[in-house]
Amino acid sequence: MQLTNRSKQVSFKEMTVAEKIYFPAIVKGMAVTFSHLFKKRPTIMYPEQKREYAAVYRGQHVLKRDDNGAERCTSCGMCAVACPAEAITMESGERKKGEEHLYREEKYAKTYEINMLRCIFCGLCEEACPKEAIFLTDRIVDAEYERDTFIYGKDKLVEKMDKRIDVTKRQTPEVLAFKKIPGLKHNELYTGKLEKGKH
Amino acid sequence: MKVTIDGIEIDVPKGTTILQAARMIGPEVAPPTMCYYSKLKTSGGYCRTCIVKVTQGSTANPNPMPKPVASCRTEVMDGMVVQNITSPEIIEARKGIVEFLLINHPLDCPVCDQAGECKLQDLGYEHGSANTRYEFKRREYEPIDIGDKIKLHMNRCILCYRCVKTAEQITDGRVHGMIHRGDAAEISTYIEQSLSNDFSGNVIDVCPVGALTDKTFRFKQRVWFTKPVDAHRDCKKCSGKARVWLKGEEVLRVTARKDQWDEVEEFICNSCRYDHKKKSDWVIEGPSPIHRNSVISQNHYQHLNELKVEAMKHQKALGFMSINKKP
């Protein structure tokens, strides 16, 4: 019985003299090898040289600051509830008087942790964020020796003031247009104290 | 008295309002409410969310009413015909009401503790539009403390008067109320005097938005990460029946139990609400019924019965039940 039509008949025929001395076959093989010396090299010499990523590549997260350097995250929990891997946990704190330059709104994330072992880099947190605080970037999560070092806290996630991370490439034209609408509190920078009971 | 709401006829006693009659029929036809509270006398009539169209006043006078009426304040007449969700006019008008309610609302849901159980949020999702046409600065106030347990965010207030009526009717001697008028109206106490009555904490539960929030729960956890269970304890002041919001073994918050209209079933005292934040203080009866579309039921198990009923309805709708009856 034949299961497929791909079976091959094995032949045990005697090799010819040319085949027996192997030399022509070796020359043929070396010629193929030699020809590759003149071809374009596909290897990228990482980390000296880096491949260009797609604009929407989903790598390590960043917690953005606004133009004044205040943290955008208000610890609303939308990312954590959207996360299918339940990798995000946070604790909220209340902003005190005089901390307006540190935190954008009256509530902020006191701790914010992402377990990079659980994270599947789906980008749903980025999509759920109402404050444009969390973005996935083209950075790759480092390899570590210990499991608990994969739990990234705010020290690793919040962007450094001297090393700002550009995420404009990730934002759709609709989002960028929305950000230019004047009068929306979302787009305003913190200006100072509120006028009490006045328009 | 016979009244027809959205094509469904119901017999109600004299003196029933249209809203109450609609609620008797069920949640599908009941208009949403922001200020009306069945447990509080004289509440309702401020927010206009519950407007309905009366296409026939009564059998005696079959003329329609000239404009939409507030169903919480309008009593039924015999033979009245009412349209709520079946009237496109009302849906459109309600959208306008939502826009009005949101004129001064800061939309700081990511910060607000009420998010997830906020009636204004639900209303906005269901009836509102994504944009506002309001171009002026919203009125803004600094949040103030009313006593050491309640935080008042006047920005979020929609001036529904529920808290004022609660303080008047549930506690003796109210110390807070509305000052100024019209657009400048705000909830306030005498020089930020505290609400110190034993039942003052109930103003938090009746607030449909996040204007009055529990300071002991302030920014502790978002509601959808906590698990509500019905629990009771022996209390000399109140019935002791409450809803306890757990996170693991920790009691984060205690509120009164709410019925399907999101109204408090029994008001609880401040001692139950603020001072008993240990799991051992409470006898837990079981998980609270939470609507399955609510964000609070996210990641929680459902009532088995609820699931069964749901499945039965689904089967009936698909006609599975009638298979056996076929000849």
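Colleague: What share of the 327 residues in chain B is made up of buried residues?

Modeller: Buried residues account for 37% of chain B; a residue is buried if 20 or more other C-beta atoms, placed from the backbone, lie within 10 Å of its own. This is a predicted model, in which local features need pLDDT of at least 70 and side-chain atom pairs count only at pLDDT 80 or more, while totals for chains, interfaces and linings use all residues. Residues are numbered from 1 along each chain as its sequence is written, and chains are lettered from A and ligands numbered from 1 in the order in which they are written.

Colleague: What makes a set of residues the largest nonpolar core?

Modeller: A nonpolar core consists of buried Ala, Val, Leu, Ile, Met, Phe, Trp, Tyr and Cys residues joined through C-beta atoms within 7 Å. The largest has 63 residues, and B:M34, B:V82 and B:I158 are among those with the most contacts inside it. Helix α1 of chain B (residues 18-25) gives the most to this core, four residues; helices are DSSP runs of H or I, at least four residues, numbered from the N terminus. Apart from this core lies another of 23 residues, including A:V62 and A:L136.

Colleague: Which residues does B:I158 touch, not counting those up to four places away in sequence?

Modeller: They are B:M34, B:C47, B:L101, B:H105, B:L120 and B:V209. Each is called a contact because the C-beta atoms of the two residues, placed from the backbone, lie within 7 Å.

Colleague: How many residues does each chain give to the contact between A and B?

Modeller: Chain A gives 18 residues and chain B gives 17.

Terms used. A residue is buried if 20 or more other C-beta atoms lie within 10 Å of its own, exposed if 12 or fewer, and partly exposed in between; C-beta atoms are placed from the backbone. Helices (H or I, at least four residues) and strands (E, at least two) are DSSP runs, numbered from the N terminus.
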